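Please find below a colleague's note on the model under review. It is arranged as numbered points.

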Amino acid sequence: YANRSAARQLGKAADEVAGRQLCEFFTPDAYGTQRRHVERVFETGSTINTEEKFSFAGQQRWLNTTLVPIEDESSGVGSVMGISRDITARKKAEELLREERDRARKYLDAAGVIFLILDASRKVTFINRKGCEVLGYDEREIAGRDWFENFLPERTKAVTTDVFERLFRGEGQSAGYHENAIVVKGGVERLIAWHNVVLRDSEGKATAV
């Protein structure tokens, strides 16, 4: 059985789909992948979910597919039902977003200044190449860590925390510019001049600095 939407995805009329083999609608590689998924459901009796790219009627399309086992009278898996959604538009949007993000990252890495983003819990969610160079650490050693606990001298934490909190309270004018020391690899201190900007969500709530 195939409903009209399934037939349309395959580029066929509904009465042209029922009773035919999967291999008639997929390229050899795609058919091999789909066959393995279906066989796994028959063997294990478990539901699986996939997101894969296929070629239908000369077009490349992404499908999100859930394969569900249907038991027969002997309590075994007698057939497999596939529920598929075309997610091509979403995938294209995600790809464009990745491209824009990568392009922005290249610009930020090329800049000769530190770009640092801290979330509301003071953890590092982004640091550019210059920031890593100044600190002397790889990005993986910085991302996700508490900036105040790991990269500030003890004597400056209270003052810098106050600046951070004032930014989140909307007092950006008084906290927009701040100078404080940081501790780089090896324990050396460097004095940094920060220009702080609050990042907000669609509702205007402060989410990061």
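1. Basis of the note. The model is predicted, so local features are reported only at pLDDT of at least 70 and side-chain atom pairs only at pLDDT 80 or more, while totals for chains, interfaces and linings use all residues. Residues are numbered from 1 along each chain as its sequence is written, and side-chain values use heavy atoms, with hydrogens and water left out.

2. Strand pairing. Helices (H or I, at least four residues) and strands (E, at least two) are DSSP runs numbered from the N terminus, and two strands pair if DSSP finds at least two bridges between them. Strands β2 (residues 59-71) and β3 (residues 77-86) run antiparallel and are joined by nine bridges. Together β2 and β3 form a hairpin with five residues between them. In the turn, Ser75 has a positive phi of about 70°.

3. Ile70 belongs to strand β2, and its bridge partner in β3 is Ser79. Ile70 counts as partly exposed because its relative accessibility is 35%; the classes are buried under 20% relative accessible area, exposed over 50% and partly exposed in between (1.4 Å probe, protein chains only). With Met81 and Ile83, Ile70 makes a nonpolar surface patch of about 220 Å². Such patches are made of residues with over 30% relative accessible area and no salt bridge, nonpolar side chains (Val, Leu, Ile, Met, Phe, Trp, Tyr) being joined within 5 Å and like charges within 9 Å. Accessible areas come from the Shrake-Rupley method with a 1.4 Å probe, and for residues only the protein chains shown count as cover.

4. Nonpolar cores. A nonpolar core is a set of buried Ala, Val, Leu, Ile, Met, Phe, Trp, Tyr and Cys residues joined through side-chain atoms within 4.5 Å. The largest has 23 residues, and Leu135, Trp147 and Ile182 have the most contacts inside it. Elements giving two or more residues to this core include α4 (129-135), α6 (147-151), α7 (157-168) and β7 (189-195). Apart from it lies another core, of nine residues, among them Ala7, Leu10, Ala30 and Leu63.

5. Contact means heavy atoms within 4.5 Å. Not counting residues up to four places away in sequence, Leu135 touches Ile127, Ile142, Trp147, Phe151, Ile182, Val183, Val184 and Lys185. Tyr31, in helix α2 (residues 28-44), touches Leu22, Cys23 and Phe26, again not counting residues up to four places away in sequence.

6. A salt bridge is a side-chain nitrogen of Lys or Arg within 4 Å of a carboxyl oxygen of Asp or Glu, and the count comes to 17. Arg90 and Glu94 form one at 3.1 Å, N to O. Arg90 and Glu94 are separated by about one helical turn, because they lie four residues apart in helix α3 (residues 88-110). A network of salt bridges links Glu51, Arg90, Lys91 and Glu94. In helix α7, Arg166 and Asp162 are also four residues apart, about one turn, and their side chains meet in a salt bridge (3.1 Å, N to O). Arg166 is buried at 17% relative accessible area, whereas Asp162 is partly exposed at 34%.

7. Lys157 and Glu149. These residues form a salt bridge, with the closest N and O atoms of Lys157 and Glu149 3.5 Å apart. Lys157 counts as buried at 12% relative accessibility, whereas Glu149 is partly exposed at 49% relative accessible area.
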